[in-house]
Amino acid sequence: MTEDNKPTTSTTDPTAPAVAAEPRKPRPLAKNGKRDVADESSSQDKEEEGEEDVEEDDEDEGDDEDEEDEEEDDDESEFDDNSGDGESDDDFEDSDDESDGAYGARSSRGRGGSTAARGRRGQKAAQPPKKAAGGRPVQNSAAASSRKRKGNSDDSEDDAPSNKRRAPSSRASKKVVSKEVAEDDENENSEDDLIVEGVSSEQVEAVIKSSVAKLKEMLKRNDQVCSGNKSELQERIFECIRSGCFPKCPKCATGRLRISTKKNRGGSLECPGYVDEDGSFKHCGFWEGSQSEDSQEKENKAAIHVCEVSGHDTSGAGTEKMPFKSALRAMQACKAADDAIILVRKDLVEGFVPISGAGRKKAKKLWDAEEKKRIKAEEQKIKDLAEKAARADEDARKLEDAKSIVLVADPSLPSPTKIKIREGASHRGRRIVVSGWVHNLRVQGKDLMFLVIRDGTGHLQCLLKGRLCHTYDALTLTRESTVRIFGVLNEVPAGKKAPGGHELSVDFWEVIGKAPSGEQNFENQFNEESNPEVLYNLRHLVIRGDKSSSILKMRSLVIRAFRAHFESKGVTEITPPLMVQTQVEGGATLFGFKYYGEEAYLTQSSQLYLETTLPSVGDSYCIAESFRAENSHTRRHLSQFSHCEAEYAFIDFNDLLQNIEDMICGVVETVLNDPLGAQIMKEVNPGFKKPSRPFKRMPYTDAIAWLNERNIVNASTGKPFEFGEDIPESPERRMTDTINEPIFLCKFPVEIKSFYMKRCPEDRRLTESVDVLMPGVGEIVGGSMRISDYQELMDAYKREGISADPYYW
């Protein structure tokens, strides 16, 4: 090369060392997108001075070669837009650092002409040509191809065979190469293929065929208008491939376009993205050079977007910002229209691309299956509605017919005996009349109906037959309706079951009051999964259930057993007032109200009132309501509860413990000895066992040691329990269930007990107090000895900050 970088003509000395040519930069474009005519013409003048004769021969020979090449192209495999499949996108990117890579340094070939080639072709040009046996130059085996020209058929027999597949050539690719290269090829008897490291000739050919029009459109939109004929544009494409100087993306105006090798883009131009100012990579997603920016934006807006990474079929809208998750959802959105545009994104880097044919076919198949199911479901729904309407018409007709049926009691039958259900066993074989609420009902066929009624004392099964089942009341009867039933009470046959072991054969019945139907029906009000608020608001209906009813009955039996125990001990029952002006368990849990202008409270406990009755009636007790304003949702904290309290005179702490143990065991024994109590206990708590006697005595200090030995820490502090700390329910329950016997946990510190509790004489830090703990339940009884010394009681009032004036009595 000369100093002014103009090409010179020279001969190649076979003995001279190979000299690497200076890389040539791509031809610059003017602002209007055209080449510099002056530079081009001056270069052409120098070339034409020594090459006119050769040029004429080339033109004649080139025409013959073009015709022959066209015939060869028919034999070659066709090149489609997917020629670059299997190659990575990086094969088409430019690399300034790699000297012999895909887009590295260029080298002059042949006689030092100005047209440059890449890679192996450059290496071939720089080496002296080898001589074959016939004296002709032999093409380097590392070069592009060993295909022979048909124009030199006389010399083709002597050419050395090549074991490499020849790269196809086309007329378009030959015109890109300059005249000097054409002369070199003529001398070397080789083809005019552009060899690029990492890019095959097939890929280049496919790129040229599929991207000429697209690149031209892109260059126009980027203000780089190519002038000249088609050959000039093709050469520009080659220069873009060699240099990587594709125009900027019209969408992001930052990234450089490149030729895509992806199957579904077929050699189209695409934007690989760019690095933002903050150093982060930004994805553009633009591709398909034949589209204008406006048309692509409109297509994106009209298209249905699917993102398999971040889409959502439920909340998605099918837009680019809110895509669907699956192609099936896109098919549902467009109702599988054939002209619908569906763009799919499989990862966040690639961006949205049109759905493949296989993907569309698969989604269409799924949509067809879903559509068949939907149509079938709609047809079934219509069928069900028709059947429902037919049944409704039939039921309405039956109801009208049923109104004409009137039941009349048979006067020839014996007079019935009115009984309660619990008395049924003693009236078997007789005609009775019983009233109650319909607890359950079951219709079996047209002429049979079973009713189970209750009256609070038990359940009775009733059998209705024939006309008794055809009346209007029978067809519209609902649960919780009130009825009066006449019939004969018979024992059920062997192998059959019924409440009480008997069944009422009905001969006449009537409705006293009918319960609501429809949405107001008892069965539609609540169920086992209803939340507590619903159950509290419907408490009047909830207690009609078997379990709730049994608990209410058991409660009655327990209260009766308490009264029986105290009565057997000669303890008098007192009915204390519930509205008081004093506190018993601390002011924090008082329900306060105005009592004719004065402060008053609902009683927390009646024990202080019972103390005043001791000089009057001796030992006394009460079963009354107590109230605690404890806003805690546990089974140990109730705003209102039934409180059994007793006060004994002239006893010590051991006597107190013995009285408590006798009371608990005596009440349990009484309940279990009652037939109803035993039955209910078996139903609601079949595993219940009587408490064993005697109860275990455990001081508070021993309980603290027991918990610390087993590493049970105080949840509020996260540390082991210390003296003076109250023991919460959870560790207390754990200790009780582990020991698995009733425990008298006694002698608590003064600080955690009520002010009126008597101190232990052996340790003034402790009180003579007790909590009864039962396995599986927890605390059930609390008690203590009362302070009997006046001055000690006054000191307790003062210590707790309580005025003694309201306690003058």
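Ile-664 is in contact, meaning heavy atoms within 4.5 Å, with Phe-695, Val-772, Met-774, Ile-780 and Val-781, leaving aside neighbours within four places in sequence. This is a predicted model, where local features need pLDDT of at least 70, side-chain atom pairs count only at pLDDT 80 or more, and totals for chains, interfaces and linings use all residues. Residues are numbered from 1 along each chain as its sequence is written, and side-chain values use heavy atoms, with hydrogens and water left out.

Next, the cores. A nonpolar core here is a set of buried Ala, Val, Leu, Ile, Met, Phe, Trp, Tyr and Cys residues joined through side-chain atoms within 4.5 Å; buried is under 20% relative accessible area, exposed over 50%, partly exposed in between, with a 1.4 Å probe and protein chains only. The largest has 26 residues, and Ile-664 is one of those touching the most other members, along with Phe-653, Ile-660, Phe-744, Val-770 and Val-772. Helix H16 (653-673) is among the elements that supply at least two residues each; its share, nine residues, is the largest. Helices are DSSP runs of H or I, at least four residues, and strands are E runs of at least two, numbered from the N terminus.

Now charges. A salt bridge is a side-chain nitrogen of Lys or Arg within 4 Å of a carboxyl oxygen of Asp or Glu, and the count is 31. Arg-693 and Asp-662 form one at 2.5 Å, N to O. They are 31 residues apart, with Asp-662 in H16 and Arg-693 in the loop between H17 and strand E24 (696-699). Arg-693 is partly exposed, at 44%.
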